[in-house]
Amino acid sequence: MSYEPPRPAGRLLLTPDDKDAPARVRRLRHLGLGERPEPALDAFAAWLAGHTEAPYAMVNFPDERGQFFAGLHTPVAGPVVRDDGTRPLIGRYLPRDHGFCPHVVVRRKALVLEDVRDYPRFAGNPVVDEFGVRCYLGAPLIDSTGMVLGTLSVVDVQPRRWGREGLATIKARAAELSARLERGDDGHGP
């Protein structure tokens with residue numbers, strides 16, 4: 001007979017196991033990435049946010065401990081106001097169990113969530129309540145060795161239909177950025 005401790009009620013804690021994280025970190029360090037904010041990646045994120053008309057865009061390089069946004073675009077004044085009148089501040093770091101990028105990394109496929117509340121697996125994610133995230137569009141950054149370096153994503157605080165055009169856009173921009181990262185290009189938008 002074995003004993004299993006009770007599982008926490010409420011949220012579904014289903015962040016996938018990332019077995020490639022140590023190899024990814026080595027590859028990122030080899031490319032000189034993942035340790036500091038990159039102004040060129042911030043510019044790329046800003047361009048992508050404008051192109052998709054989304055308030056948030058990120059270039060994310062996750063490791064064993066969490067997620068690091070080397071490229072980040074957020075609105076000047078966040079659109080979400082908490083009950084106490086404060087606005088959440090999205091910073092450069094998030095725990096692994098926050099957000100949807102860890103799923104993209106492990107799946108190695110783009111993820112489209114037009115309304116995260118429609119998916120029980122994702123609706124209980126902490127970013128839904130803490131930051132008001134309602135939709136997500138993300139694709140893996142895969143280099144020529146087949147390594148997933150991270151993700152390129154946009155999020156909105158309103159549900160929205162990304163459609164095939166949104167999926168095609170995020171996949172194309174992720175492939176383009178992956179090639180630029182490997183070449184050491186500046187990463188600015190097209």
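Biologist: Over which residues does pLDDT stay under 50?
Modeller: Over residues 1–13, where the model has seven contacts beyond four places in sequence. pLDDT is the predictor's confidence in each residue, from 0 to 100, and contact means heavy atoms within 4.5 Å.

Biologist: What does the protein chain average?
Modeller: The average pLDDT is 83, and 83% of the residues score at least 70. This is a predicted model, in which local features need pLDDT of at least 70, side-chain atom pairs count only at pLDDT 80 or more, and totals for chains, interfaces and linings use all residues. Residues are numbered from 1 along each chain as its sequence is written, and side-chain values use heavy atoms, leaving out hydrogens and water.

Biologist: New topic: which residues of H2 are buried?
Modeller: Among them are Leu41, Phe44 and Leu48. Buried means under 20% relative accessible area, exposed over 50%, and partly exposed in between (1.4 Å probe, protein chains only). Helices (H or I, at least four residues) and strands (E, at least two) are DSSP runs, numbered from the N terminus.

Biologist: And what do the buried residues of H2 pack against?
Modeller: Strands E1 (56–60), E2 (66–73) and E6 (148–156), plus helix H6 (163–183).

Biologist: What comes just after H2?
Modeller: Glutamate 53, with a positive phi of about 60 degrees. Most residues other than glycine have a negative phi. Glutamate 53 lies in the loop between H2 and E1.

Biologist: Is glutamate 53 buried or exposed?
Modeller: Glutamate 53 counts as exposed because its relative accessibility is 66%.

Biologist: Where is arginine 108 found?
Modeller: In the loop between helix H3 (101–107) and strand E4 (111–113). Arginine 108 has a positive phi of about 65 degrees and, at 38% relative accessibility, counts as partly exposed.
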